[in-house]
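Open the model in your viewer and keep the sequence panel within reach. We will go from one selection to the next, with a few words at each stop on what is there.

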Amino acid sequence: MTKLIIIIPCYNEEEVLPITSKLFLNKLTQLIGQGKITDDSQILFVNDGSKDRTWDIICQLAKEDKHFAGICQSRNRGHQNAVLAGLMDAVDRCDITISIDCDGQDDIHAMDSMIEAYQDGCEVVYGVRSKRDTDTFFKRFSAQSFYKLLSWMGVETVYNHADYRLLSNRVLREFSKFEEVNIFLRGMIPLVGFKSTSVYYERNERVAGESHYPLRKMLGLALDGITSLSIKPIRIIIGLGFIIAFASFLGVVWSVVTALMGNTVAGWASTVSIVCLVGGIQLLSIGVIGEYIGKIYLETKRRPRYIISERTKEYEEK
């Protein structure tokens, strides 16, 4: 029999948690009843430094049912680190994990297909959205552009997959050897390897509350994904440098030839435009390089990626 731990990161989810916790418990109970997982399987909530009553609700849920458990981070570290904390905490406690968001948008019934795929020999099962009809035009366009940009930058990801996935214990143990501080899970998991497949589902509307992933955080996640897993931006800068250097050389030749022919080199506006263009490109290039240097700086410090400050009593005793 297979022991499952469902890992659910939570940040300020006091509105949605009382609703979705029941849905998750019903699904876990159904899977247990069907004999797909053991009765000691659990739902692990990871409180990511919430400022509302999220942790109190998690503690109360753990008291009411043995299948609920929770760990609390010492401060807010972001969604990716919250998922990572749950995964690493579950390494020695289960056979498989399924990570899923707390908002109820991901179809929990896709877990049946995920577990079946695992039983057929797959070590990694990705939950992939089949369509984006529930998204606004801007969100759909930006998300699709994001995945295409990652692919163009050389980052290996599964198109339309976020962080809804099944991982076997074997994968978790190998993944625990990845020690980088700047993490982008949907790009790192494919690097582990092993047999994988995808399960497709339709995403629902958020059951309550508001999304905690505004455009600013989405852009930050995209930047982390690119700079953590690809050096192509630096290579683009090198190529751009060669192009500008060659164009500048042609410009110098043209100026010298024109001067020798006795013609004045007119064009104050064009000169200023070129200076501004080159200056802007230089600042952008320095910024990109600085982003990579900053990432290296953080990696060398070897700071912990998460710190667990509390656990629900029932989970701590195991």
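This is a predicted model: local features need pLDDT of at least 70, side-chain atom pairs count only at pLDDT 80 or more; totals for chains, interfaces and linings use all residues.

## A loop to begin with

Please start by selecting F194, which sits in the loop between helix 7 (185-192) and strand 7. Is F194 buried or exposed, or something in between? With a relative accessibility of 32%, F194 counts as partly exposed.

Now jump to N12, in the loop between strand 1 and helix 1. Here is another non-glycine residue with a positive phi, about 50°. The relative accessibility of N12 is 23%, so N12 counts as partly exposed.

## The whole chain

Zoom out and colour by secondary structure. The chain contains 11 helices and eight strands. Of its 318 residues, 44% are buried. If you display contacts between residues with a separation of 6 or more, 83% of them come from residues 24 or more positions apart.

In what order do the strands of the open sheet lie? The eight strands follow the order 7-5-6-4-1-2-3-8, with mixed pairing. At the edges you will find strand 7 (196-201) and strand 8 (308-311), each of which pairs on one side only.

Two pairs show both kinds of pairing:

- Select strand 1 and strand 2: they run parallel and are joined by six bridges. I6 has I43 in strand 2 as its bridge partner.
- Select strand 5 (residues 124-129) and strand 6 (residues 161-168): they run antiparallel, with four bridges between them. V124 has L167 in strand 6 as its bridge partner.

Stay with strand 2 and show its side chains. In a regular strand, side chains alternate between the two faces of the sheet. Here Q42, L44 and V46 point one way, while I43, F45 and N47 point the other way, and all are buried. Because six of the six residues of strand 2 are buried, the strand is largely enclosed by the rest of the structure.

## Helices on the sheet

Bring the helices back and pick helix 1 (residues 17-33). This helix lies across strand 1 (4-10), strand 2 (42-47) and strand 3 (68-73), and runs at about 150° to strand 2. Next take helix 3 (residues 79-90), which also packs on the sheet. The strands touched by helix 3 are strand 1, strand 2, strand 3, strand 4 (96-99), strand 6 and strand 8, and its direction makes about 155° with that of strand 1.

Now select helix 4 (residues 110-119), where A110, M111, D112, M114, I115 and A117 are buried. Their cover includes strand 1, helix 1, strand 4, strand 5, strand 6 and strand 7. After helix 4 comes G121, with a positive phi near 115°.

## Cysteines

Select the cysteine sulfurs. How many disulfides does a search of the whole structure find? It finds zero. C72 is in no disulfide, and the nearest cysteine sulfur, which belongs to C59, is 7.9 Å away. C72 has a relative accessibility of 7%, so C72 counts as buried. C94, with 8%, also counts as buried.

## Last stop: I226

Finally, centre the view on I226 in helix 8 (residues 215-229). The relative accessible area of I226 is 10%, under the 20% cut-off, and I226 is therefore buried. What touches I226, leaving aside residues up to four places away in sequence? The contacts are L149, L150, M153, V155, P233 and Y292. To end, draw a distance from I226 to S151: these residues are 75 apart along the chain, and their C-alpha atoms are separated by 9.6 Å.

Technical notes:
Residues are numbered from 1 along each chain as its sequence is written. Side-chain values use heavy atoms; hydrogens and water are left out. Two strands pair if DSSP finds at least two bridges between them. Helices (H or I, at least four residues) and strands (E, at least two) are DSSP runs, numbered from the N terminus. Contact means heavy atoms within 4.5 Å. Axes are lines fitted to C-alpha atoms, for helices over the stretch in contact, and angles run from 0 to 180 degrees between N-to-C directions. A disulfide is a pair of cysteine sulfur atoms within 2.5 Å. Buried means under 20% relative accessible area, exposed over 50%, partly exposed in between (1.4 Å probe, protein chains only).
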